[in-house]
Amino acid sequence: MSSFELTYDGANLQKENTVLEVAGLKKSFGGLVVTDDVSLAIESGSITGMIGPNGAGKSTLFNQISGFYDPDDGTVEVNGTDVTGKQPNKIVQEGLLRTFQTPRRLEKMTVREAMLVGAQSQLGESILPLWISGAEVTREERANLERAMELLEFFEIDHLATEPTTSLSGGQMKLLALARALMAEPDILLLDEPVAGINPTLVNQIAGFIEELNQEQGYTFFIIEHDIEFLMGLAEEVIVLNQGRVLLEGTPETVQSDERVINAYLGDM
Ligand SMILES: Nc1ncnc2c1ncn2[C@@H]1O[C@H](COP(=O)(O)OP(=O)(O)OP(=O)(O)O)[C@@H](O)[C@H]1O
Ligand SMILES: [Mg+2]
């Protein structure tokens, strides 16, 4: 396929193999309780799915875990470090990064620029230490560019590197979002509907990419998807969220055959 390779040293890992631990997360908007006492743990090297009807609180949960919303109550630990209420870029530095259900707007940027800006904004104000010399900055920039191109090759969109992002299809935007997320070399990636609204061929291709990143490079994934078939093929464990609460947690087979899940969601998801 491609020459893309990544060394994954797992250096951040502590606390046995738990990369993400969420306890008692609660969030309300006005009088509406959107996540209510959500607790879960994600093992390093796993792929975990999350399903649940529209409005169940799935994206709100990701927003709290990744620092975009402050939880009203509860805690979030990444690699054993308490990151509750921290800014998203600080949480990225601890090893957790999320993608968005609706791709962020990247106007007036080429695909390659979006990759480099992605690295910058995910890691904070500056990804370069202030004390390093001009020559080293250049070396760092070259390394970033190299990584950007490797990732674009991996996702098979390197031919679009100099195209404006506005010319990309919905599916290509999904691939770019994944490639940008990997610029930060997170331990765990939270993907919010990574295959929503794209064609079945590309859905399969993305499943293949995620599988390869997981099995060959050790990345951990936590994935929200309404596409049950996609999730059932990838995830070892699926969490069902209903009205802000964890309803059920189990293997895809267990979840798929659960009466409550069948009755409540699988019929109309
Ligand atoms: N910033 C906000 N202000 C007010 N209400 C919000 C906010 N964010 C989310 N909500 C509400 O929280 C509820 C859950 O929304 P959320 O986006 O988390 O659902 P979801 O499970 O991701 O649904 P979907 O499958 O449609 O993406 C909804 O009723 C939504 O309107
Ligand atoms: Mg959502």
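Biologist: Which residues form one aromatic cluster?
Modeller: F154, F155 and F209 form it. Before going on: this is a predicted model, where local features need pLDDT of at least 70, side-chain atom pairs count only at pLDDT 80 or more, and totals for chains, interfaces and linings use all residues. Residues are numbered from 1 along each chain as its sequence is written, chains are lettered from A and ligands numbered from 1 in the order in which they are written, and side-chain values use heavy atoms, with hydrogens and water left out.

Biologist: How many aromatic pairs does the structure hold?
Modeller: Six. Rings of Phe, Tyr and Trp (its six-membered ring) pair if their centres lie within 6.5 Å; planes under 30 degrees apart are stacked, over 60 edge-to-face and the rest tilted.

Biologist: What about the rings of F68 and F100?
Modeller: Their centres are 5.1 Å apart and their planes stand at 85°, so this pair is edge-to-face. F68 is in the loop between α1 and β4 (73-78) and F100 in the loop between β6 and α3, so the pair ties together parts 32 residues apart in sequence. Helices (H or I, at least four residues) and strands (E, at least two) are DSSP runs, numbered from the N terminus.

Biologist: And what sits over the ring of F100?
Modeller: The charged end of R98, 4.0 Å from the ring centre. The rule is NZ of Lys or CZ of Arg within 6 Å of the ring centre and within 35 degrees of the ring normal.

Biologist: Back to F155: is it buried or exposed?
Modeller: F155 is buried, at 0% relative accessibility. Buried means under 20% relative accessible area, exposed over 50%, and partly exposed in between (1.4 Å probe, protein chains only). Leaving out residues up to four places away in sequence, F155 touches L175, L178, A179, L182, F209 and L213, where contact means heavy atoms within 4.5 Å.

Biologist: Which residues touch the most other members of the largest nonpolar core?
Modeller: F155, L176, I206, I210, F221, I223 and F230, in a core of 52 residues. Helix α5 (residues 170-183) gives the most to this core, with eight residues. A nonpolar core is a set of buried Ala, Val, Leu, Ile, Met, Phe, Trp, Tyr and Cys residues joined through side-chain atoms within 4.5 Å. A second, separate core has 22 residues, including V19, L40, I188 and I224.

Biologist: Why is α5 largely enclosed by the rest of the structure?
Modeller: Because 11 of its 14 residues are buried. Among them are G171, K174 and R180. Just after α5, E185 takes a positive phi of about 50°.

Biologist: Changing topic, what coordinates the magnesium ion?
Modeller: S59 (OG) and Q101 (OE1) coordinate the magnesium ion (ligand 2), at 2.0 to 2.2 Å. S59 is in helix α1 (residues 58-65) and Q101 in the loop between β6 (96-98) and α3 (111-123), so the two tie together parts 42 residues apart in sequence. Donors are N, O and S atoms within 2.8 Å of the metal (3.2 Å for Na, K and Ca); water is not among the atoms, so sites may look incomplete.

Biologist: Last one: where is E237?
Modeller: E237 is in strand β9 (residues 237-242). E237 is partly exposed, with a relative accessible area of 31%.
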